[in-house]
Amino acid sequence: MEASFFTQVLLPASLALIMFGMGLTLTVNDFKQLLKTPKAVSLGLFGQMICLPLMAFLLCLAFNVEAHIAIGLMVLAACPGGTSSNLLSHIARANLALSVSLTAITTVICVVSTPWLIKFSVDYFTILPDEPFSLLKTSLSLLVITLIPIIMGMSVRHFALKFATRTEGMFRHLSTFFLFTMIILITIDEQDMLIDAFPDVFILTFTLNILATVIGVIIARLGRLNDNDAVTLGIEVGTQNATMSILISVSFLNHSEYAIASAVYGVTMYLGAFILIMSRKLGWFGFSSKTE
């Protein structure tokens, strides 16, 4: 997928619109959740910002995957959670406030952390000498397409609550539609490479998703959090913003092959969440079948 008006303008603009939609669902109180439940939020941040990238890196080494798959998976692990995690937490009847707070906080942090982790990954796995990557450009780009639209959305919610409430569902549907549209486009554009790599990539992404989901639950258990918070952390650590990862791969790094891992993960990430939700409903693995 060569650089074009679509990859350089429409794709970033679409993600910015999705982030604006996320902002419509947020309030300042969502960020204050850090003060209200510091342990739950801190454990969630540890799982998503430390454990997930570390697991992705170790799996890339263990599976000895090709450079473009390894970099793509690390780009994915470097991204924050998306609105999908909030929807899944709602379906699971988990702690939606915690889910929204973690999504918001990780999105802010990732403006700084994501470029550094991507640079490390490109430097470590790339087979090309002096692969160009600008920390400053990537950070500024993420600022423009994530934080600024989110702040704008929050402002609209503050001054026009009825409009925000009426349209937030539309933006959530747009996010899902856009993700699967990008998955289809990546599949078409990189079909030969995807066909050759799919078995290994599917196993890799599915393994990462299951491990990340389990790690989220284990962290919550070790922190003595309740079932609702445990399910929330499992979903948050295991569900990533695959749309942002695809954007970074295609538009910022100009390597659509990096997006293959994100495209496959964009589908497989729902499997771990589904298993977790069913475990909660059926009372498996120590979960109570009753919501708290």
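The lining of the largest cavity comprises six nonpolar, eight polar and no charged residues. Here Ala, Val, Leu, Ile, Met, Phe, Trp, Tyr, Cys and Pro count as nonpolar, Asp, Glu, Lys and Arg as charged, and the others, Gly among them, as polar. The model is predicted: local features require pLDDT of at least 70, side-chain atom pairs count only at pLDDT 80 or more, and totals for chains, interfaces and linings use all residues. Residues are numbered from 1 along each chain as its sequence is written, and side-chain values use heavy atoms, with hydrogens and water left out.

A search of the whole structure returns one cavity of 30 Å³ or more. The space in the largest cavity is about 100 Å³. Of the 14 residues lining the largest cavity, Thr83, Ser84, Ser175, Asn241 and Thr243 are the closest to its centre. At least two lining residues each come from helix H1 (5-24), H5, helix H8 (161-189) and helix H11 (242-252). A cavity is a set of points, on a 1 Å grid over the protein atoms alone, where a 1.4 Å probe fits but cannot get out; lining residues have an atom within 4 Å of a point. Grid points are joined across faces, edges and corners, and a volume is the space filled by probe spheres set on the points. Helices are DSSP runs (H or I, at least four residues), numbered from the N terminus.

Two salt bridges are found in the whole structure. A salt bridge is defined as a side-chain nitrogen of Lys or Arg within 4 Å of a carboxyl oxygen of Asp or Glu. One joins the side chains of Lys119 and Asp123 (3.3 Å, N to O). Lys119 and Asp123 are four residues apart in helix H6, and so are separated by about one helical turn. Lys119 is partly exposed, at 29% relative accessibility. Asp123 is also partly exposed, at 48%. These classes are set by relative accessible area: buried is under 20%, exposed is over 50%, and partly exposed is in between (1.4 Å probe, protein chains only). A salt bridge also links the side chains of Asp227 and Arg221 (2.8 Å, N to O). Asp227 is buried, at 6% relative accessibility, whereas Arg221 is partly exposed, at 32%.

Met152 lies in helix H7 (residues 135-159). Its relative accessible area is 47%, which makes Met152 partly exposed.

Most residues other than glycine have a negative phi. Asn64 is not a glycine, yet has a positive phi of about 50°. Asn64 sits in the loop between helix H3 (38-63) and helix H4 (67-78). Asn64 is exposed, with a relative accessible area of 67%. Arg93, likewise not a glycine, has a positive phi near 55°. The loop holding Arg93 runs between helix H5 (83-91) and helix H6 (96-125). Arg93 is exposed, at 54% relative accessible area.

Leu35 belongs to helix H2 (residues 28-36). Leu35 is exposed, at 72% relative accessibility. Leu35 and Asn95 are 60 residues apart along the chain, and 16 Å separates their C-alpha atoms.

Conventions
1 Å grid on protein atoms, 1.4 Å probe; cavity = no way out; pocket = protein on both sides within 12 Å on 5 of 7 lines; lining within 4 Å.
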